[in-house]
Amino acid sequence: MKHHAINEYLILPYRFAVLIIFYAIERVSFYLFNTELFPNCSLSDWPLMMYGGLRFDISALIYLNLLWFVCYILSFKAKFKKRYSSFLEGLFFTLNAIGLAMNCIDFIYYRFILKRTTYNVLDILAGEENMTTLWGQFFVDYWYVFLYFIVLLTLFVYAIRLYKPKVTPVRNSIAYAIIGILVFGIVAALSVAGIRGGVRHSTRPITLSNAAAYTSSPEESAIVLNTPFSFIRTIGKKGFEHLSYFSEDEIDNYFSPIHKEKAISTEPNRKNVVIFILESFSREFIGAMNPTLEDGKYAGYTPFLDSLVSQSLSFCNAYSNGRKSIDAMPSILASIPSLTMPYVVSQYSNNKVNSIASILNDEGYETAFFHGAPNGSMGFDAFAKIAGFKSYRGKNEYNNDNDFDGIWGIWDDKFFQYYANEISSMQEPFCAALFSLSSHHPFKVPAEFEGRFPKGKLPVEECIGYTDYALRQFFNNVKDKPWFNNTLFVITADHSSIPDHSEYMNNAQAFAVPILFYSPNDSTLTGSRNVIAQQADIMPSILSYLGISKKFVSFGIDLFSTPDNEHFAVNFNNGVYQLYKNDSIAYFDGKVIAGLYDMKRDPMLTTDIKEENPNTTKSFEQIIKAYLQQYNNRMIEDRLTIIK
């Protein structure tokens, strides 16, 4: 190809401009790959989003290219020597190919976590022994994204190589060096401004939550951001900031995590507890929880769970406290939601916690946690131990690789039967929890079940049908066991999955999961409730049902006795906290309520009503501030239990 020579320092703004253009192309591509997940995005939103995206792109590109800037500018004329020139070119293309690739990965990964990838993904992946196989499967399933990246990278290399640097025509070596130093000073000053996102002294370095300022709908923050920025800006962000919104005397007026359950029965009810945490079981997939979907004709993919819903107390307006599997165990079993970062990979993961296991241990229960993946996967075994489960039973204990799915662990239908048999041998009363895994990418079912379950529009839906079948087989196994009628069954999901219907394509319903309580022959646990609920409510609700009255720390409520208007849910997405309460959802950016939406009248969350409802906005702000202050400060100070 033909090269055009330009001044060695003019090559800097040229290359930077090329990078900005390619990041803009990737931003539009990110949207096009995930259009259905941004239902409120209109053409009129794009000028502001592209402008905001430019700020984040500049910051990310400076972070990525700082080393190259230094090596290029301060090498002076050495940059024209062949060997050093090759090193510089290799460094530049390697750094920026990584940045472009990270954006491409989120074309697909975003669908699973509904946010740009952050640094803690490395902590999550570190303990996984199946990553090589999984990455290979991703390349096979999403080959078109890899092809897109190759084409994009080829065009990028071509654009960059159109111009090559030529030496500044200054013969005096001292003058030449002074020019280089001046250029370095200018680039350094511009880099500081670019990283911070502005030149004013009062400007704080931009972070993920700033993206919301350039959107008309909260989920659009992911379009404004880019993945390298999200990754780099969360490196080392494992700590929580100590908050002081309220004094110790007033904070409990808005939220207190100290519970002393008022038992719903006068006598302790020492039933067994069996918990299912179902991988990716969005509430959307359950026909019985969506009676109005598709004009009332929607059947869903869970015929057995539908039948169980009719015999259970189900919460059809429930939400997860996180978007990843790793978020679920602390939320469900210890009432510790995942805010800002997954608890189990944070620096506070060794804090003392009270959990359903630790509390029931003191009540004489035998406790066990089950997960069919290789022991150590996602740190589940470590958290199970911290939470007080007396035993952990995973793929190692199952001890039969003939039932291994080749990537994640033991097929659900086999492991659910193992679960049934193992808990049948436990001493009553017992508390056991299982985390399923088959409804996970690459979304396959055992060969003998292929074609047996409806495939739907999404590949995960066939797997949902398969796991629902495994659940049916579990209940068929245990329904005649002597312990069955004396057991509380709790079924929920770790998080939701890729949505299929427009009703679930917004930031609120992106966390929609089922929560249901079932106990044979207990008429008090029947019916459907449409009040707000969250995963963190499960532990205090179980303890209330069992008639256990003792103090403990919980960031949820007792679903059975708390008045409807006091129900709420909290989660964290794209740098913004979400508070659900009384059919509304508020977005809190760490300082103020950035948006308030009526989920009932405006399910697509298109109209911000915070200015029209100042009292509600103020109330929501007080609640979320108190909640976060209790959460952060107790996390920092290791006060997640009641000192005996």
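Visitor: First up, glutamate 448: does it count as buried or exposed, and at what relative accessibility?
Guide: Bear in mind that this is a predicted model. Glutamate 448 counts as exposed, at 54% relative accessibility.

Visitor: Which side chain does glutamate 448 meet in a salt bridge?
Guide: That of lysine 414, at 3.7 Å from N to O. The pair links distant parts of the chain, 34 residues apart. Glutamate 448 sits in the loop between β8 (430-435) and α16 (460-478), and lysine 414 in helix α15 (residues 412-424).

Visitor: What else forms a salt bridge with lysine 414?
Guide: Aspartate 413 does, with the closest N and O atoms 3.2 Å apart. Asp413, Lys414 and Glu448 are therefore linked in a network of salt bridges.

Visitor: And aspartate 413, buried or exposed?
Guide: Buried, with a relative accessible area of 9%. The cut-off for buried is under 20%. Lysine 414 is partly exposed, at 28%.

Visitor: How many salt bridges in the whole structure?
Guide: A search finds 16. One of them joins the side chains of lysine 550 and aspartate 362, at 3.7 Å from N to O.

Visitor: What does that pair tie together?
Guide: Parts that are 188 residues apart in sequence, because lysine 550 lies in the loop between α17 (538-545) and β13 (551-553), while aspartate 362 belongs to helix α12 (residues 356-362). Lysine 550 is partly exposed, with a relative accessible area of 22%. Aspartate 362 is partly exposed too, at 47%.

Visitor: Switching to the sheet. What's the strand order in the one with β14?
Guide: β14-β15-β16-β17, an open sheet of 4 strands with antiparallel pairing. Its edge strands are β14 (569-573) and β17 (593-598), each pairing on one side only. Neighbouring strands are turned by 20° against each other on average, direction ignored.

Visitor: How many bridges between β14 and β15?
Guide: 5, in the antiparallel sense, with β15 covering residues 576-581. Phenylalanine 572 of β14 stands opposite tyrosine 577 in β15.

Visitor: What about the hairpin of β14 and β15?
Guide: There are 2 residues between the strands. Asparagine 574 takes a positive phi near 50° in this hairpin.

Visitor: Why is β14 largely enclosed by the rest of the structure?
Guide: Because 5 of its 5 residues are buried. Ala569, Asn571 and Asn573 point one way. Val570 and Phe572 point the other way.

Note on methods: Residues are numbered from 1 along each chain as its sequence is written. This is a predicted model: local features need pLDDT of at least 70, side-chain atom pairs count only at pLDDT 80 or more; totals for chains, interfaces and linings use all residues. Side-chain values use heavy atoms; hydrogens and water are left out. Two strands pair if DSSP finds at least two bridges between them. Axes are lines fitted to C-alpha atoms, for helices over the stretch in contact, and angles run from 0 to 180 degrees between N-to-C directions. Buried means under 20% relative accessible area, exposed over 50%, partly exposed in between (1.4 Å probe, protein chains only). A salt bridge is a side-chain nitrogen of Lys or Arg within 4 Å of a carboxyl oxygen of Asp or Glu.
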